[in-house]
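Hello,

I am handing over the structure we talked about, and below it you will find my notes on what turned up in it. Please read them with the structure open beside you.

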Amino acid sequence: MEVKPRVIDEGATLSEAVRRRGLHGLLVYTFLMVTGFAMLMPLVAVHFVNDLGMAAAAVGLALAVRQLTQQGLALVGGVLSDRYGARRMICLGVLLRAAGFASLAFADALPMLLCAMVLSALGGAMFEAPYQASIAALTDEKTRPRYYAISNWISGVATTLGPLLGVALLHYDFRVVCLAAAACFAANFLVALRLLPQVRMPEQPPPLRHGLDLVRGNRAFVVLVGLMMLYWFVAVQINISFPLLAQRLTGTVDSVGVMFALSAGLTVALQYGLVRWLERRWSSAQVLVAGVVVMSLAAGAIGLVRDFAGLLVCVGAFSIGALMTRPTQQTLIAGLADPRALGTFLGVSSLSLAVGGGIGNIAGGWMVDLAAAKQWPWLPWAAFCAVGLVSAFGLHQSTRVRRERAPVVAES
């Protein structure tokens, strides 16, 4: 007997049972999505450089193309989500990602690797904004912080588990890793199809530019996205500057694994409890600002360390700041997004990572090399600290202005 998905009229109030079912489905989706990604991506460079003999720069180019394509086109996925429905775009996106990961199993030259990366990136671009929009649509201001805290805790567990599964499967063959990762996204197609509520779209969808016009008219949202670019400039250093310094301090790549294990362990142990404890005392905006300040000071302190133990202390502080910011920035962005164009708003928000993270990756590597050449070990870390503190100050000012204006709006 075929089970038909429940259809919800656009704008209709969802029942509590439908919301709960959809949110539970999204938690399962999150676990499979992060596990599939984490079991494969860290092994791509290892396989194509060490096993197939490709140049590290060529593989790095392919990885950069994937990230830039996914983040750069996330807005397109968001706009299409508003026009054709979030669940449809999620289903399309995860199938494209599954096809991209499966094709990696048979890539043995750079052109094939680039094609597989672009295909997987297109999938991510199609499902990322609709996925975030679905969370925003199924939660409200009261339930959203708790949901994001749980979701990010699950992501931390999956981030820890994924590489372990990948390494275990790598003992059999790299193709097995690719196909297992693809299977996670294929399973997410079924999760989305069966558990997410279907939204009946209007007979005459609004013009594609309608959502972009709403974004342009939402000054608070645009300012937040701009400030988050500075945040992501600092946040991505955990993937570029931190590992470079760890390897230089110890002379072995094993130290990078220790660093990431510490970061992941703190996320799993503290993500949900710490954020919930803080949000009972502070607003989401205050937690976000405090988290960015902690990250910035931790990055700045790295300029003073001279051994790996000192670096681990700073990495621990940086990770605590990061786990404070992840759910709170998601909560604030979702809260400012216009319900009439959630996909477009969440797609635009992804540009903060695309732009800020992209510049951060390039500038981070360049400044670490410059610091080594000029014998200025403090240079990159002072710069990261300064950029982060500017972001924190801007976030504090913008959220303070909104809080001061809120009572006036309420009385008018």
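**What was found**

Two helices, H2 (56-84) and H4 (110-138), each supply at least two residues of a nonpolar patch; please keep in mind throughout that this is a predicted model.

Turning to charged pairs, a search of the whole structure finds two salt bridges. In one of them, Arg20 pairs with Glu16, with the closest N and O atoms 3.9 Å apart, and both residues lie in helix H1 (residues 16-51), four residues apart, which is about one turn of the helix. Arg20 is partly exposed, because its relative accessibility is 42%, whereas Glu16 counts as exposed because its relative accessible area is 53%, and the cut-off for exposed is over 50%.

In the other, Asp213 forms a salt bridge with Arg216, the closest N and O atoms being 2.1 Å apart; both belong to helix H7 (residues 209-216) and are three residues apart, about one turn of the helix. Asp213 is partly exposed at 32% relative accessibility, while Arg216 is exposed at 57% relative accessible area.

Finally, a point about the backbone: most residues other than glycine have a negative phi. Gln375, although not a glycine, has a positive phi of about 60 degrees, and it lies in the loop between helix H13 (342-374) and helix H14 (379-411). Because its relative accessibility is 63%, Gln375 counts as exposed.

Best wishes

Methods: Residues are numbered from 1 along each chain as its sequence is written. This is a predicted model: local features need pLDDT of at least 70, side-chain atom pairs count only at pLDDT 80 or more; totals for chains, interfaces and linings use all residues. Side-chain values use heavy atoms; hydrogens and water are left out. Buried means under 20% relative accessible area, exposed over 50%, partly exposed in between (1.4 Å probe, protein chains only). A salt bridge is a side-chain nitrogen of Lys or Arg within 4 Å of a carboxyl oxygen of Asp or Glu.
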